Amino acid sequence: MQNSADSTADHGYFEKYHGVIGRDLARLMSEALSRGGDFCDLFFQEIKGIWIVMEDGVVNRAYTVVHLGMGVRVLRGQQSGYAFSQVLEMPAMLETARTAASLAAAGGRDTGGKGLEVRPPKLKPGLDLYPCQSPWAEVAVEERLKLLRGLGEQVAGADPRMIKTLLQFHDSWAHIMLATSEGVLRQDQRPRASLVASCVAEEGGRRESNYVDVTARSGLEFFSEPMVADLARQAVERTTRLFEARPVGAGEMPVVLAPGSAGILLHEAIGHGLEADFNRRRVSTYADRMGDRIANEQVTIVDDGTIPHSHGAINFDDEGADSQRTVLVEKGVLKSFLHDRLSAAWYKSASTGSGRRQSYEYAPLPRMRATFMEPGPYEPEEIIGSVQKGIYAGQLTNGQVNIGAGDFSFYVKSGWAIEHGKLTHPVKDLNLIGSGPQALSRITMVGDDLALAQGGFMCGKLGQTVPVSQGLPTTLVSSLNVGGTRSQA
Amino acid sequence: MNEELIKTAHQVLELAQKAGSHQAGVKISRSRFIDVSIRDGEPDKASASTRQGLSLRLFIEGRFAVHSTSDLRPQGLAAFVADAAALTKALEPDPYRSLPDPTRYPVGPAPELGLYDPELAQAPAGYWADKAARMEALASKRAKDSGPQVVSVIGGAYGETAFGYLADTSGFQGTLEETGGFAGCSMVYMDQEQENKRRSGWWWEGSRQLGLLGERQTMQRIAGEAVRRGLAEMGAKPGPSGRYGLLVENQAARTLLGHLLGAMSGQSLHNKRSYLSGRLGEPIAAEILTLRDEPFLIGGMASRWFDAEGAASSPLVMIEGGALKRYYLNTYYSRQLGLAPTTASASNIVLKPSHAEDFSAMLAGLERGLAVTGFLGGNFNSTTGDFSLGVKGLWVEGGSVKHAVEGMNLAGNALELWRGLVKVGSDPYPFSATRAPSLLFDGVQLSGA
């Protein structure tokens, strides 16, 4: 990896391939601060990505992308000006710096301003959370095809009801360089890779579809043979099991959340509400509740950017702050917001390393990384056994939240009905909706089997999407509103 | 500037042919935007930039791939095309891939669609900053005068001008120049009845023409609408579970139409993920549903004279009298499915009204049920047509609003839902390509309190 501690003028990738040197950074930052800004940062990024599709056993299409550019952010108190350039030549980048300076000064209205001294940036190493034995830049296309064909062979013929399989492999490799007017220089290479299996099956004229994915910040070595075999098995099982799904009653009922992807509950019910940009404006339902008890003692919720190879892992955040593990709720008590530089300044606290951006086209915002709940005292069987009539939510997706009112929703693609403490039959396609604070206060049992979801969740906020992870141990929410499907009418 | 892009596009096509591509298509685009927001009287965020990109469709020895880049340096394009060709050649052939039949290309000159306003394209940054500030000032005043405690108010303005050029080795060449401007505001109130809850109202309006956006009257209407929406959410709670009438406000109805259009796409059909598969000519909705694809609407948000692969646009009846008339089929999916091509994707969507009624009038006629003003999460399963969606809105009894609603789910199957369509309103939402009117459905399953 490129996080060497060498602080001399090595600007690594962007010097080698785009001719951007230390003197250029200083000049760009001086220009950026020429109109009264008090801080600026430069974010350089080049992403190369490949996406290959195998349809019914034939690798018949591929998509590639090169995404190159640099963004300039200028802050003046709590105001920000942002501009980016896709041309990494000095005239274009200087123009970009001037635009950002002028936007921060007065939202583009003309005013004067003074210059500010810029300290020469010094390279600061980050963590090394995603070392790769086989980095994607060095992996031949044939290796990727081999991976897809291996998966294809396992899915083909696995079940006679299968009428369509779509297998997709995606990888990307991002070079990042970040420089700030406070003298911080950071460089990173961020891998991301994903293997997705989608299936459609038919039985007696009825069709069902489902999918599974594994995603990580890893190289080729991550996709082991047992993992690929497991992915194939899950894709087929999850699809064909839907034929056995039967209706459940709609309305308020106990919900047991399975370990893994059900961490989406935390992401929506509280995670977004603790992002401090929503709180410094007091628009979040959690804005005035720091230090309050919001859940029972079993509930400790963490947002962690330091889990090796996880989808939400970051060696440092997108404004140069150290990556960290942030305890949001400790034993039921609200402990911390998620801060970026702007919100930390507002609250006179430190950044939690949560400033993230989709790409050089965007200014950073406080965002989640890997959000999960610490394990509790119960065995999963004990938790399921305590429910007379309810839902066991297994495969979750499509979360959404309304920050101010705190209501949130997420979708159960597949799960089980619980009757008299036992899983009785599969259920599918149910939307769950509730109030975040209320749902947290209704967590009555937490299991001892914490797992991070293997799938690659993407979190959207204010038009920006970033990779995140989520996890949960088996957890009982004593009551949530479960939406039915037509068969319940 | 645009001439340079056109030149680059043709250079890339030549490089592609030299690299062995017997057919290739290229799209090159450049756009400039500015986005300014003012919060609580202070500048908050402002950004402005130029975005550029190129995407190349390669057809080599029956193999197909699409390659895109934002790096348009002339010295880098040769390597980009060489890499693209090498990857494409590593795939397996797909006999259904090719450029469109050239007889489907439009015959020029391009029609005047009212998509480009030079005045908007040239408006300086300060224009948008001033507009955002005026929007915020108006919205703040309206919010403060409206009664409840105001937490925060944002005013915003957005302007964009875009140039796109599409060309291919069969000889197609087409340009599209567009402008768009938006102004809007949002405000957050403390709920008067429920502790710690905030209620927000927002409204945006947009136009291709600067003149239509600039009037004080327009901004007054935007601020008033946002306030009205925020106040309407006070005290929101779930309504009762059961089967009730469902009225969906025009801007929210775009979500339901989006699901319907998605199931009509060649991709969904080919992937065996469409509940509308094999239903051409059959009734898929109540007889009052007639849905047209209208690419030539003057100033329309998705107006165009050619589609994504260069095929000529034309108005198309997609659903008539409740019967499915066409799918959205590009060259590839039409060949895969053995049907004539139509157009690659939806443009402007227009529904024929069944009643001369808007949302309020339809609400006044609703005996008991939910008036949906927004969706929260949920999912539409296009394979089966089953959906389960979070909703918010207004609980209605005897034609009047009883209370605001949140925390309810709406579930059903798309075929049943659309067959239960009772009224199509005459109030199309004008600020989007999908000009959805308000829609009234019969007996839909709701789960709430």
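This is a predicted model: local features need pLDDT of at least 70, side-chain atom pairs count only at pLDDT 80 or more; totals for chains, interfaces and linings use all residues.
Arg98(A) sits in helix H3 (residues 90–106) of chain A and Glu31(A) in helix H2 (residues 22–32) of chain A, so the link spans distant parts of the chain, 67 residues apart. Over all chains, the count comes to 57 salt bridges.

## A buried charged network

Let's turn to Lys428(A). Its side chain meets that of Glu208(A) in a salt bridge at 3.4 Å, N to O. Because Lys428(A) belongs to strand S17 (residues 422–435) of chain A and Glu208(A) to strand S7 of chain A, the pair ties together parts that are 220 residues apart in sequence. Lys428(A) is buried, with a relative accessible area of 12%, and Glu208(A) counts as buried at 1%.

Lys428(A) also forms a salt bridge with Asp429(A), where the closest N and O atoms are 3.2 Å apart. Asp429(A) is buried, as is Lys428(A). Through shared partners, salt bridges join Arg206(A), Glu208(A), Lys413(A), Lys428(A), Asp429(A) and Asp386(B) into one network.

## Where chain A meets chain B

The contact draws 87 residues from chain A and 78 residues from chain B. About 6,400 Å² is buried between chain A and chain B, and carbon and sulfur atoms give 47% of that area.

Five salt bridges are counted between chain A and chain B. Asp44(B) pairs with Arg281(A) in a salt bridge whose closest N and O atoms are 3.0 Å apart. There are also 42 residue pairs in polar contact across the interface of chain A and chain B. On the side of chain A that touches chain B, strand S2 (residues 58–76) of chain A gives the most, with 11 residues. By class, that side of chain A holds 37 nonpolar, 30 polar and 20 charged residues.

## Helix H5 and what covers it

Helix H5 (residues 225–240) of chain A has 16 residues and reaches 23 Å from its first C-alpha to its last, close to the expected 22 Å. The buried residues in H5(A) include Val228(A), Leu231(A), Gln234(A) and Thr239(A). Among the elements covering the buried residues of H5(A) are helix H4 (141–155), strand S5 (162–180), strand S6 (184–203) and strand S7 (206–216) of chain A.

Conventions. Residues are numbered from 1 along each chain as its sequence is written. Chains are lettered from A and ligands numbered from 1 in the order in which they are written. Side-chain values use heavy atoms; hydrogens and water are left out. Helices (H or I, at least four residues) and strands (E, at least two) are DSSP runs, numbered from the N terminus. The expected span of a helix is 1.5 Å times one less than its number of residues. Buried means under 20% relative accessible area, exposed over 50%, partly exposed in between (1.4 Å probe, protein chains only). Contact means heavy atoms within 4.5 Å. Buried area is the accessible area (1.4 Å probe) that two parts lose on being put together, summed over both. A salt bridge is a side-chain nitrogen of Lys or Arg within 4 Å of a carboxyl oxygen of Asp or Glu. A polar contact is a pair of N or O atoms within 3.5 Å; within protein, one must be able to donate a hydrogen and the other to accept it, and residues adjacent in sequence count only if both atoms are side-chain atoms. Ala, Val, Leu, Ile, Met, Phe, Trp, Tyr, Cys and Pro count as nonpolar, Asp, Glu, Lys and Arg as charged, and the others, Gly among them, as polar.
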